[in-house]
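Hello,

Here is the structure I promised to pass on. My notes follow below it.

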Amino acid sequence: SRRMYSTLANDLVLAHLLDRDIESAIAVASEANEIADLSSAYQQTVANLSLGCALIQIDGQGGERLLRAALSAMRVQPMGPHRAQAVFHLGQHLLRQGRHEEARRLLADNAQFIEELGDSGWLLLGGDGAEVAQLERMFRNGEPEIQLRFLGKRCLRNRDSEETLSLRF
């Protein structure tokens, strides 16, 4: 029914994102947003969440705006798993932008919604990317003082800076 479409569409969007099919995720989320305009505030918030999660993959600024709006709307209604989903997708974006401290604050501000989640909850709501694993480490153990990355972009990273490593290193 139209009343439940946003909630079901959100699940489908997450499945498309796990499958790395961003185009389909955006199509489903856009349709959910159109239908949600005629529904309850809850369904509108879930539709914004879905579109934000999909859109942030290709339009960081637009997706971030939608996810922050969804998080703001969720302060009024208890939407724990949906809130965790928004935190994970926004947190991944913040990490990709190099905004680590902001991601850390986002996790801390929403700890009550994510502290009970196990590995499968993180995978289901956030996906299986390296950023999700980094967010989980940041939340559970704190980020390591120094990180070395050798695949892809080779770099040495501490909490405040990042230095590109040469091939010789």
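Please keep in mind that this is a predicted model. I start with Phe-150. At 49% relative accessibility, Phe-150 counts as partly exposed, because exposed would need over 50%. Phe-150 sits in the loop between strand 1 (146–149) and strand 2 (155–158).

Phe-150 also belongs to a nonpolar surface patch.

Next, a helix pair. Helix 6 spans residues 100–109, and helix 9 spans residues 130–140. The two pack at an angle of about 65°. Their axes are 10 Å apart. Helix 6 passes helix 9 in a right-handed crossing.

Which residues meet there, between helix 6 and helix 9? From helix 6 come His-100, Ala-103, Arg-104 and Leu-107. From helix 9 come Gln-134, Leu-135, Met-138 and Phe-139.

Gly-62 is in helix 4 (residues 60–73). Its relative accessible area is 8%, so Gly-62 counts as buried, the cut-off being under 20%. Gly-62 and Gly-52 are 10 residues apart along the chain. Their C-alpha atoms are separated by 7.4 Å.

Asn-33 is in helix 2 (residues 22–36). Asn-33 is buried too, with a relative accessible area of 14%. Leaving aside residues up to four places away in sequence, Asn-33 touches Ala-47, Asn-48 and Leu-51.

Best wishes

Conventions: Residues are numbered from 1 along each chain as its sequence is written. This is a predicted model: local features need pLDDT of at least 70, side-chain atom pairs count only at pLDDT 80 or more; totals for chains, interfaces and linings use all residues. Side-chain values use heavy atoms; hydrogens and water are left out. Patches are made of residues with over 30% relative accessible area and no salt bridge: like charges are joined within 9 Å, nonpolar side chains (Val, Leu, Ile, Met, Phe, Trp, Tyr) within 5 Å. Accessible areas come from the Shrake-Rupley method with a 1.4 Å probe; for residues, only the protein chains shown count as cover. A salt bridge is a side-chain nitrogen of Lys or Arg within 4 Å of a carboxyl oxygen of Asp or Glu. Helices (H or I, at least four residues) and strands (E, at least two) are DSSP runs, numbered from the N terminus. Buried means under 20% relative accessible area, exposed over 50%, partly exposed in between (1.4 Å probe, protein chains only). Axes are lines fitted to C-alpha atoms, for helices over the stretch in contact, and angles run from 0 to 180 degrees between N-to-C directions. A crossing is left-handed if the near helix is turned anticlockwise from the far one by less than a right angle, and right-handed if clockwise. Contact means heavy atoms within 4.5 Å.
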